[in-house]
Amino acid sequence: QAEDILAEVTTLAASGYREIVLTGIHVSSYGKDFEDGVGFGKTDALIRLVEALANIPGVERIRFGSLEPGIITEPFVKRLAALPQICPHFHLSLQSGCDATLKRMNRHYTAAMYAEKCDLLKQYFDRPAFTTDVIVGFPGETVEEFEATEKFLDDVHFAEMHVFKYSPRKGTRAAVMPDQVNESVKTARSNRLIALGERMMADYRTLCQDKTLEVLVEEDILVDGKTMWVGHSREYLKCVFEADHVQSKDVVSCKMTGRFGEDFVFCEIID
């Protein structure tokens, strides 16, 4: 219930935690099982909860673990954008960019609907980071369907995506569907999307090259004998930088200066 969540976050914020991540099996369904008059009610329970969390002293960032596309409406996004604590990083469930595949997956949205949600978020947030999960080789996925997904992913241009090969699970409808995809085909398709994901990640970093990044300091590491600090920006960019007189849980303003390994970007602290 809402009071339990608010109490837990109040305790965490009082203990020095500055970022709250709202996660769960189906965050977007929060409140749909409430009875009228309980908690925040059914209709706008999630956004009202988020607004209440933003009023807790010490909560400087609120991030969603994952959201279903259907919850992204203009009223919802407008209320989110009014909260400075909301991180411009949205992990939106996708699985496929092909309508025929989505239908077989029993997903209740189309690729066009998904793209509209991303465009809506872009209207209210500055260069938001979109991340997602994609499954290749779902039963019946043809070459044309895979290529439609590949093109859709490139069109949306995700900051990061996780690619999974479909694996049959006993007892599910998909496990007994016809036209199961060969494992070698799944691997080839997965490799293509992983390569696309790496290019899109590089493009998103370039997009944010001139952006001031607010980095929440997490820990120090040794890089070539030097002590460096690492943390995540509000966009969920993994940043590494050199600094004196900082410590874990500090928030510093940085500018990106380059790439460090596959996952990190080098930054410099700015005044």
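Predicted model: local features only at pLDDT ≥ 70, side-chain atom pairs only at ≥ 80, totals over all residues.
Biologist: Where does F138 lie?

Modeller: F138 is in the loop that runs between β4 (129-136) and α6 (143-156).

Biologist: Why is F138 called buried?

Modeller: Its relative accessibility is 8%. Buried means under 20%, so F138 counts as buried.

Biologist: What makes a residue a contact of F138, and which residues does F138 touch?

Modeller: Contact requires heavy atoms within 4.5 Å. Leaving aside residues up to four places away in sequence, F138 touches T101, R104, M105, Y166, A174, M177 and V181.

Biologist: How far apart are the C-alpha atoms of F138 and E242?

Modeller: They are separated by 45 Å, and the two residues are 104 places apart along the chain.

Biologist: What makes a space in the model a cavity, and how many cavities of 30 Å³ or more are there?

Modeller: In a cavity a 1.4 Å probe fits but cannot get out. The count by this rule is one cavity of 30 Å³ or more. The largest cavity has a volume of about 140 Å³.

Biologist: Which residues lie nearest the centre of the largest cavity?

Modeller: A159, E160, M201, Y236 and L237 do, out of 13 lining residues. Two or more lining residues come from each of β4 and α7 (183-207). α7 gives the most, with three residues.

Biologist: How do the residues of that lining divide into nonpolar, polar and charged?

Modeller: Six are nonpolar, two polar and five charged. Of the residues nearest the centre, E160 is a Glu and counts as charged, while L237 is a Leu and counts as nonpolar.

How values were computed. Residues numbered from 1 in each chain as written. Heavy atoms only, no water. Helix = DSSP H or I, 4+ residues; strand = E, 2+ residues; numbered from the N terminus. Buried < 20%, exposed > 50% of the residue type's maximum accessible area, 1.4 Å probe, protein only. 1 Å grid on protein atoms, 1.4 Å probe; cavity = no way out; pocket = protein on both sides within 12 Å on 5 of 7 lines; lining within 4 Å. Points joined across faces, edges and corners; volume = space filled by probe spheres on them.
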